[in-house]
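Here is a friendly tour of a structure for your next look at the viewer. Have the sequence open alongside, and follow the topics in order.

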Amino acid sequence: MFIKGMDISSYPEMMDKGHRYYDFDGNEVNVIDFAKEQGFDYGRLRIWNNPECVGESGGYCSLAYTRRMAAEIKKRGMGLLLDFHYSDWWADPGKQIKPEAWKELHGDALAQAVYDYTKAVLEALDADNVYPEMVQVGNEIRCGMMWPDGRTDNWEGLARLINAGIRAVRDTQGARDTKVMLHLDQGGRYYYFKEWFDNALAHGVTDFDIIGLSYYPFWHGTFNDLKNTMEELARRYHKPMIIAEVAHAYRRSRGELFGEAQEKISGFPAGGAAQKEVLELIMSIAAHVSDGLGIGVFYWEPFSRPDDEMDDSWGSCMGVVDADGRPTLGIKAFGFSPEHADVNRIAKIYEPPMITVTLDDAPSEYLPRTVKVLKYDGRIEREEVAWEYDKSRLVKNDTIVIKGTLSQCGQRVNLPICLVEEKEKRNLLRNADFENVNAGVPEYWKISGESDDDSFAWEIRQETAEVFPFDASNYFYFKGESNFKMALCQNAARLLAGTYAFSLSYKGDNTTGVKVWIYARSEDGTEVRQTLFPSAEEWTRHSVEITLDKDGDAEVGIMVDAPAIYGMLKDICLERV
């Protein structure tokens, strides 16, 4: 059976706030019953140790709420996945905070507390006849859990804690075939999973059944990255896999949660139809992993709702019900059947990005011969394209869009072309290409970074472009293996009064808790900044403008505050507008 699950941990809070839910005809419904009718067959619940210690939690996701919700799930004949956060509130890659009651415990004492707590929770559920079919030992624990004792720079300690949780499951499950899941974020990035699970196995974490992945296509890599990650995991570890968290927006958010940048990164717009297509694609990718090892998908918080129209929370745009409680088209994706999925269907055509040419360039040098297409099992293939190109249509310093036809499927694609004169861009930054390095540091640049475990590192690397004109360029590479902060900046001296544009290209990881922004700051303290939403698939260009009222200096740069990720930046420029 292919699992189609939902994390409904916030459902009691939604009910307490008076939210109501409706079917497609506008009739009020019990939304859990309605979801089951649409194809959901599993519920996932997070449990926090003592949420009353954290005022923002509202006391939800306690053992009492978990028992109540487990009964709601079980009485409908659905499976239950219990997600231990081992924290009094949220646990994710950027924060794994020990419960207040355990903050003075370490080593064997902390492991014993994990065992005792896990065992007590499961025994309580067993007494209610709602024992879970699956148990998660930790939530998104790529960077460890219960810091600092369970950080990934202390694998012996982390393994002790994980095994304590697993042992409690085994000691309470009796004759049941209960499955233990270990769950990481970054579902499209195999290298994180390989490093983590190799370490886990090497340190004696072996008694688990399922690898859990979070995959949000606007954070965690492309759909093809997800397919490749799951295929590699299948080959290396031979374990069943579940996408334990997934979502796509039914509308844009008011703030930065999901907007144009996330649409571009995921490759799909916000909207009910796109939501349905994204979910069907992800389920199809999971269901077609080799040897049947992709066994299910869970939607994260499908029924979360905003408090009001100004709310910019997850519930404002990411559910499979809208702000008024009406179902989106996306909920229909959970009628998905692996047996009826057409893996050769084209899910997306990756149209080529705009190219810049001069009249001296020959079309054969820069018009792409093939275009990438994504199939419904996550495969990327290339189809030849015939372009309808007339060079006489090009207008200097303007952009035109030419049409092309794919050879096999016959679908149409667009290619923007901009005609420019050859002229050198006047960059007011020094050593902008990182060519000059002194004692390991690029001249004129100030670099700072700190991490919880001193793992922050950076270096200058070189990249050769894959398309015409095949230039080679340097880029600044950085990474942290735990929570870290990084800044790269330069002071531009003796600028004349006027308006200046600061820009750069960025590529790198994204996940929960990542904050990246570029900024420009004048001598009088005026600052402008722009938040970046990283993409690991392609370089994206970002810029800010600042106006100097008088002659003087300006500092420009980039800052990062994030859990363990990597990033790259290049083509840094400061120009007068």
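The axes of α5 and α6 approach within 10 Å of each other and cross at roughly 75°. Angles of 65 to 115 degrees count as roughly perpendicular, so α5 is roughly perpendicular to α6. Please keep in mind that this is a predicted model. The points below take in the helix pairs, a loop, the cavities and a pocket.

**Where α5 meets α6**

- On the α5 side, the contact is made by Trp155, Leu158 and Ile162.
- Their partners in α6 are Trp196, Asn199 and Ala200.
- Sorted by class, this contact of α5 with α6 has five nonpolar residues, one polar residue and no charged ones.

**Where α6 meets α7**

- Helix α6 covers residues 190–202 and helix α7 covers residues 223–237; their axes come within 10 Å and cross at roughly 25°.
- Angles under 35 degrees count as roughly parallel, which means that α6 is roughly parallel to α7.
- The crossing of these two helices, α6 and α7, is right-handed.
- From α6, the residues in the contact are Tyr190, Phe193, Lys194, Phe197, Asp198 and Leu201.
- From α7, Thr229, Glu232, Leu233, Arg236 and Tyr237 meet them.
- This contact of α6 with α7 divides into six nonpolar, one polar and four charged residues.

**Where α3 meets α4**

- Helix α4 spans residues 107–127, and its axis comes within 10 Å of the axis of α3, with a crossing angle of roughly 35°.
- Here, too, there is a handedness to look for: α3 passes α4 in a right-handed crossing.
- Leu63, Thr66, Arg67 and Ala70 are the α3 residues in this contact, and they meet Val121, Ala124 and Leu125 of α4.
- By class, the contact of α3 with α4 is made up of five nonpolar residues, one polar and one charged.

**The loop between β4 and α5**

- This loop runs between β4 (134–137) and α5 (155–172), and proline 148 is found in it.
- The peptide bond that joins tryptophan 147 to proline 148 is cis, with omega about 0°.
- Glutamate 140 also lies in the loop between β4 and α5.
- The phi angle of glutamate 140 is near 45°, a positive value in a residue other than glycine.

**The cavities**

- How many cavities of 30 Å³ or more are there? The count comes to two.
- The largest cavity has a volume of about 50 Å³.
- Its lining consists of Arg189, Pro217, Trp219, Gly221, Thr222, Ile265, Pro534, Ser535, Ala536 and Glu537.
- By class, the lining of the largest cavity holds five nonpolar, three polar and two charged residues.
- The second largest cavity has a volume of about 40 Å³.
- Ser9, Pro12, Leu45, Arg46, Cys61, Tyr65, Thr66 and Met69 form the lining of the second largest cavity.
- Two elements, β2 (42–47) and α3 (63–74), each give two or more residues to that lining.
- Which element gives the most to the lining of the second largest cavity? That is α3, with three residues.
- The lining of the second largest cavity divides into five nonpolar residues, two polar and one charged.

**The second largest pocket**

- About 880 Å³ of space lies in the second largest pocket.
- This pocket is lined by 37 residues, and those nearest its centre are Trp219, Leu257, Asp312, Ser313 and Trp314.
- At least two residues of the pocket lining come from each of α1 (11–16), β22 (515–522) and β23 (527–532).
- By class, the lining of the second largest pocket has 14 nonpolar, 11 polar and 12 charged residues.

How values were computed
Residues numbered from 1 in each chain as written. Predicted model: local features only at pLDDT ≥ 70, side-chain atom pairs only at ≥ 80, totals over all residues. Heavy atoms only, no water. 1 Å grid on protein atoms, 1.4 Å probe; cavity = no way out; pocket = protein on both sides within 12 Å on 5 of 7 lines; lining within 4 Å. Points joined across faces, edges and corners; volume = space filled by probe spheres on them. Nonpolar A, V, L, I, M, F, W, Y, C, P; charged D, E, K, R; others polar. Helix = DSSP H or I, 4+ residues; strand = E, 2+ residues; numbered from the N terminus. Axes fitted to C-alpha atoms, helices over the stretch in contact; angles between N-to-C directions. Parallel < 35°, antiparallel > 145°, perpendicular 65-115°, else oblique. Left-handed = near helix turned anticlockwise from the far one by under 90°. Contact = heavy atoms within 4.5 Å.
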